[in-house]
Amino acid sequence: MRIVVDAMGGDHAPQEIVQGALAAVQEIPSCHITLVGNESQLQPLLPGDVQRVAVHHAEQVIDGHEQPARAVRRKRASSLVVGMQLVAAGAGDAFVSAGNTGAIMVGGLLELGRLPGVERAALGTVIPTTDGRGTLLLDMGATMDATAIQLMQFAIMGSAYMELARGLSAPRVGLLNVGSEESKGNEVVKQAYRLLQSCDLNFVGNIEGRDIILGGADVVLCDGFVGNVVLKHTEGLGKGLFEMMKEEFTRDLRGKLGAFLLRPALRNVLARMDYSEYGGAPLLGVKGVCIKCHGSSRARAVKNGIVVAERLAAMELPNKIAAQMAGIKSERDG
């Protein structure tokens, strides 16, 4: 598999991106990686005897704070755009970047294009759960006002992703709502509920916000506005809780002693909540595998993102999604 990596995207690029790529080729013998970015900065970071890692020069970089659509259109020589163009031209099987989220979504649609039958792309993220399985939240910002049909399509794409990326058989699909009853929610959610009942998916019904971290479903559906709020709240809640724990543990001698005794358990909790273990956020519905790593990703997170991208490309995720979309369209037309 040929994985194209945006070497200039992210808070710790290019050093951590290069280190992640080198770790990935060590872990995956069949993986060939193309690092896209400024050659004069990338070559010194590579060992002289490196194999299966190449550099493709790109003069420009899209900054994390730039307006996505404008940046993609104006910076055609950026590492993000050039990398996607390589995949679109068949010179790569998957694209990985820790760069500007909005630019990745715009670039995915403009450079890769949507799969047949897909109305809107969806950006997902795996949220850690208490059972250790993780749940894929769709959408987290690509489609702010999703229709009922689009939510159904998100379910198909998300189910295929969790099956291939996480190895789950018949992933449980839940619809995020204000209550578990079928009658709850706005009209879009009610329509989506009826459509999901008719799909050949493991639909478990409505789930509430509190059920996400408890592992109530493997795929949780919502529009991008709600999904982004849920994601940011979850991140903030986790950080806030650990800050409060740190404050209490360092308040006096008894707290410090308790912290010392609990240190192994606390480390295990942190490891279970570590986003880097899940390999980034997939942009689903485009013609190609596209993985968005967290902007603050270090080498380990980048390596895991490449590993997931390689697996999805080898299992032909886009083709599987397209086939399922065609099947749904045939049923609806019939």
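Predicted model: local features only at pLDDT ≥ 70, side-chain atom pairs only at ≥ 80, totals over all residues.
I then checked where Glu111 sits and found it in helix H5, which covers residues 101-112. Is Glu111 buried or exposed? The relative accessibility is 15%, and the cut-off for buried is under 20%, so Glu111 counts as buried.

Next I listed the contacts of Glu111, leaving aside neighbours within four places in sequence.

In what order do the 5 strands stand? I read S6-S7-S10-S8-S9, in an open sheet with mixed pairing. Strands S6 (125-127) and S9 (202-207) are at the edges; each has a single partner strand, so one side of each has no neighbour in the sheet. On average, neighbouring strands here are turned by 30° against each other, direction ignored.

I reminded myself that strands of a sheet pair through backbone hydrogen bonds, either parallel or antiparallel. For strand S8 (residues 172-176) and S9, I noted the parallel sense, over 5 bridges. Gly174 has Gly205 of S9 standing opposite.

Last, I looked up which helices lie against these strands. Helix H7 (residues 187-197) packs on the sheet and touches S8, S9 and S10. The direction of H7 makes about 160° with that of S9. Helix H6 (residues 148-165) lies across S6, S7 (135-138), S8 and S10 (219-221). I wrote down about 165° for H6 against S10.

Methods
Residues numbered from 1 in each chain as written. Heavy atoms only, no water. Pairing = 2+ DSSP bridges. Helix = DSSP H or I, 4+ residues; strand = E, 2+ residues; numbered from the N terminus. Axes fitted to C-alpha atoms, helices over the stretch in contact; angles between N-to-C directions. Contact = heavy atoms within 4.5 Å. Buried < 20%, exposed > 50% of the residue type's maximum accessible area, 1.4 Å probe, protein only.
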